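Work through the exercises below with the structure at hand. Each task is followed by a solution in steps.

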Amino acid sequence: MNQAEKEAYLREYSILKNEGKPFFPYAVAKDAVMAAITIGVIIYLALMFGAELGPKADPTTTTYVPRPDWYFFFLFEVLRVMKNVPMFTPMATIGVPTICMILLFLLPFYDRSPERRIERRPIALAAGLATIFAIAFLTYSGANTGSPNSVDMKPPSSFTAEQVATFNAGKLVVGQSGCLACHTIGDNGNNGPGPPLTHIGSIRSAAAIASTLRNPTPPMPSFKGLAQQYPQKFQNLVNFLSELQ
Amino acid sequence: MPRLPAPPLPKILQPKPKRPGEERNGAGPVSPVEAGITVVDWIDERTSLSPALRWLLFRKVPRGINWFYTLGSATMFAFLSQAVTGVFLAMYYRPDASGGAYESVRYITDDAFLGQFVRAMHKWGASVMIILIFLHMARVFFFGAYKYPRELTWIIGVTLLILTLAMGFTGYLLPFDQRSYWATIVGVNINAGGPLIGPYLADFLRAGPEFGATTLSRFYAIHMLLIPGAIVALIGAHLYLVTKLGISAPPWLKVNAEPESDQSEV
């Protein structure tokens with residue numbers, strides 16, 4: 001906007017403002033109705049859905065799914081997609097959410113046209129609708145990503161019946177232990193912070209896997225407790241991981 | 001009837017001459033009427049707030065203002081609801097990572113009078129506030145209301161959006177159940193992956209390189225002191241600018257083509 005456009009806007013706005021009604025009580029009345037609706041909706045949601053409290057936080061076992069509140073789903077989904085789809089991986093390192101945030105901050109500085117009617121701002125309209133659809137889609141797909149509690153994998157056909165049994169038993173323990181929050185196994189789980197485990201059996205021996213589970217490098221939690229309380233489960237876990245060739 | 005001369009009284013006994021401005025008919029001096037002393041006047045005499053209040057309340061808003069324009073104030077009311085319910089939750093909450101935090105939230109949820117209701121209002125109020133703030137931003141975007149002269153209002157608004165999301169993030173840990181604990185660990189790790197300040201921000205949030213005993217009290221302090229203070233201050237600045245610059249007119253409105261009548265009204 002140049003100086004003339006700025007002055008034209010201010011002149012027109014002051015006329016429109018003078019034609020209007022006082023803020024109190026006209027706008028205040030609408031705001032009050034809206035405030036009452038807002039508080040009403042909050043009370044309704046509180047009475048209908050309440051607030052649950054899950055099991056107590058336990059840093060030693062990760063049997064729980066790390067799920068953010070729903071309004072962070074889109075952010076988590078963006079990061080998941082960027083880390084898991086090779087085409088987008090370089091974008092993850094330069095911080096796409098940070099760039100989006102900066103673009104949002106600087107909006108008035110790169111959109112400087114004096115036009116305010118959305119039907120005459122095609123780029124703004126397209127960008128705005130694209131953002132809304134992107135956030136809605138990412139929130140939806142973030143809400144529907146497979147639970148990190150289950151591993152969707154079939155044992156290789158070359159396995160004997162006994163191997164298939166340990167494979168399936170260990171798969172269950174992996175799901176319950178929340179390994180997929182930080183590791184990928186095949187197409188399951190989040191890539192990072194931990195390394196992918198898809199071929200861990202060909203990299204580490206069963207003994208090395210077991211010792212890593214007992215004394216991991218932080219931030220990975222230790223599974224010493226599991227090994228002491230449920231040695232069979234722990235053994236199944238180790239067997240499953242060493243079968244991932 | 002001719003009056004006899006008054007006896008020569010000593011000076012102190014003589015009636016005092018009337019002072020200028022005194023009533024002629026002999027009544028006592030008129031006591032100046034004290035202007036209505038109400039609490040409002042008393043405060044206004046000392047603060048001179050009434051011009052500011054008049055400026056705030058009796059300013060004009062452009063014609064054509066519709067319900068979309070209430071989203072901003074609705075967001076603020078959701079924030080006020082969060083503040084009130086948050087104060088009541090803080091009366092019972094203990095930021096003690098070794099079990100006190102979870103136990104205090106369990107007490108609020110199960111035992112305290114209306115505790116679960118207040119906690120649920122706080123939990124769902126967060127979602128409502130985030131929906132409203134996004135709707136408000138969409139309204140401002142599609143109405144082109146962020147353009148001159150309201151650029152700074154927009155920047156403050158985006159800061160408020162980020163602070164509101166940060167409230168959601170820091171508040172999620174406080175119940176200290178499995179879900180909140182592990183989600184926050186993942187969230188902080190994601191923060192650590194951010195560019196430039198990412199690792200420092202993560203260290204600041206964790207109070208060190210590891211999730212430790214002080215992490216919870218740090219999240220608590222950020223959640224109930226640092227960010228709310230910043231939000232209150234920025235809402236003040238946001239409202240000041242909205243009042244000073246005026247509520248943006250709906251973009252489809254045009255000035256009526258009758259400048260004569262406008263002139264005469266002024």
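**Exercise 1.** Find the residue of β1(B) that is the bridge partner of Lys21(A), and state the sense in which the two strands pair.

*Solution.* In this predicted model, Lys21(A) has Val61(B) as its bridge partner in β1(B). Next, take the strands as a whole: β1(A) pairs with β1(B), residues 60–61, through two bridges. The sense of this pairing is antiparallel.

**Exercise 2.** Describe the side of chain A that touches chain B: its number of residues, its elements and its residue classes.

*Solution.* Start with the count: chain A contributes 61 residues to the contact and chain B contributes 68 residues. Then list the elements of chain A that give two or more residues to this side: α1 (3–19), β1 (21–22), α2 (23–49), α5 (96–105) and α6 (107–110). Of these, α2(A) gives the most, with 15 residues. Last, sort by class: this side of chain A holds 38 nonpolar, nine polar and 14 charged residues.

**Exercise 3.** Determine how α3(B) and α9(B) are arranged relative to each other, and which residues meet.

*Solution.* Take the axes of α3(B), residues 71–90, and α9(B), residues 213–245: they come within 12 Å and cross at roughly 150 degrees. Angles over 145 degrees count as roughly antiparallel, so α3(B) and α9(B) are roughly antiparallel to each other. Their crossing is left-handed. For the contact itself, α3(B) supplies Met76(B), Phe79(B), Ala83(B), Gly86(B) and Ala90(B), which meet Met224(B), Pro228(B), Ile231(B) and Ile235(B) of α9(B). By class, this contact has eight nonpolar residues, one polar and no charged ones.

How values were computed
Residues numbered from 1 in each chain as written. Chains lettered and ligands numbered in written order. Predicted model: local features only at pLDDT ≥ 70, side-chain atom pairs only at ≥ 80, totals over all residues. Contact = placed C-beta atoms within 7 Å. Helix = DSSP H or I, 4+ residues; strand = E, 2+ residues; numbered from the N terminus. Nonpolar A, V, L, I, M, F, W, Y, C, P; charged D, E, K, R; others polar. Pairing = 2+ DSSP bridges. Axes fitted to C-alpha atoms, helices over the stretch in contact; angles between N-to-C directions. Parallel < 35°, antiparallel > 145°, perpendicular 65-115°, else oblique. Left-handed = near helix turned anticlockwise from the far one by under 90°.
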